[in-house]
Amino acid sequence: METGQELENLTTKEKIFEIGIRLFKEHGYKQVSIIDICQACGITKTTFYHHLNSKQEILLSYYDHVIGNLTPLLLELLNTTNSWDQIVLLFDNLITSMEELGPDLNGQILSFNLAKNLGTFEIRKELEDVAVKIIKTGQENGELRNTADPLKLFEAAAYMFTGYEFTWCINNGDFPWKQKFNEALRLMLAPKG
């Protein structure tokens with residue numbers, strides 16, 4: 001999230017997103033109105049609706065924002081030579097980002113998509129490409145012993161990720177999401193050692 005001086009350099013839409021997410025985290029999704037977001041951004045409702053259709057749109061775009069800001073993670077992946085460590089790092093980064101949002105806001109995203117599939121949980125091509133490459137390289141190097149199709153393995157891991165996320169949400173954050181996911185991922189990919 002951006003702060004002070006950095007907010008001034010954002011477009012109006014980026015500012016609405018950043019401030020909206022911050023307000024949701026601080027007060028909860030249902031407690032924050034569009035008026036609250038407008039006041040915090042110093043804009044009118046007309047300006048808000050020029051850029052977005054609803055406050056729901058802010059929350060639904062969070063995952064795209066996380067995926068779009070993978071550069072620091074990709075640099076870290078380049079410095080990690082073991083495929084198992086790379087795939088764990090990739091998913092740990094995603095879990096950490098979603099945990100920062102909190103179970104309430106994640107639960108809201110799940111609820112929106114249960115009411116109507118809004119595509120929030122569709123696999124993103126850019127993430128898929130990175131993960132499949134990591135799995136394939138790990139298989140070729142003998143670091144990952146499961147030799148099934150790397151794309152199918154990634155898809156299974158991605159949907160397993162969502163299942164553990166759901167469990168974490170319904171337990172209001174009182175569930176070791178990262179630990180359980182990594183244990184299941186280890187069973188699936190069977191890393192060497």
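This is a predicted model: local features need pLDDT of at least 70, side-chain atom pairs count only at pLDDT 80 or more; totals for chains, interfaces and linings use all residues.
Mentor: Residues are numbered from 1 along each chain as its sequence is written, and side-chain values use heavy atoms, with hydrogens and water left out.

Trainee: How do you know that the span of helix α2 agrees with its 16 residues?

Mentor: The expected span is 1.5 Å times one less than the number of residues. For residues 12–27 that gives 22 Å, and the end C-alpha atoms are 22 Å apart, so the two agree. Helices are DSSP runs of H or I with at least four residues, numbered from the N terminus.

Trainee: Why is α11 called roughly antiparallel to α12?

Mentor: Helix α11 (residues 150–170) and helix α12 (residues 177–189) pack at an angle of about 155°. Angles run from 0 to 180 degrees between N-to-C directions, with axes fitted to C-alpha atoms over the stretch in contact. Under 35 degrees counts as roughly parallel, over 145 as roughly antiparallel, 65 to 115 as roughly perpendicular and the rest as oblique. Therefore α11 is roughly antiparallel to α12.

Trainee: What makes Leu151 partly exposed?

Mentor: Buried means under 20% relative accessible area, exposed over 50%, and partly exposed in between (1.4 Å probe, protein chains only). Leu151 has 30% relative accessibility, so it counts as partly exposed. Leu151 lies in helix α11.

Trainee: Which residues does Leu151 touch, not counting those up to four places away in sequence?

Mentor: Leu151 touches Glu128 and Val132, where contact means heavy atoms within 4.5 Å. Val132 is 19 residues from Leu151 in sequence, yet 5.6 Å away in space, C-alpha to C-alpha.

How values were computed:
Helices (H or I, at least four residues) and strands (E, at least two) are DSSP runs, numbered from the N terminus.
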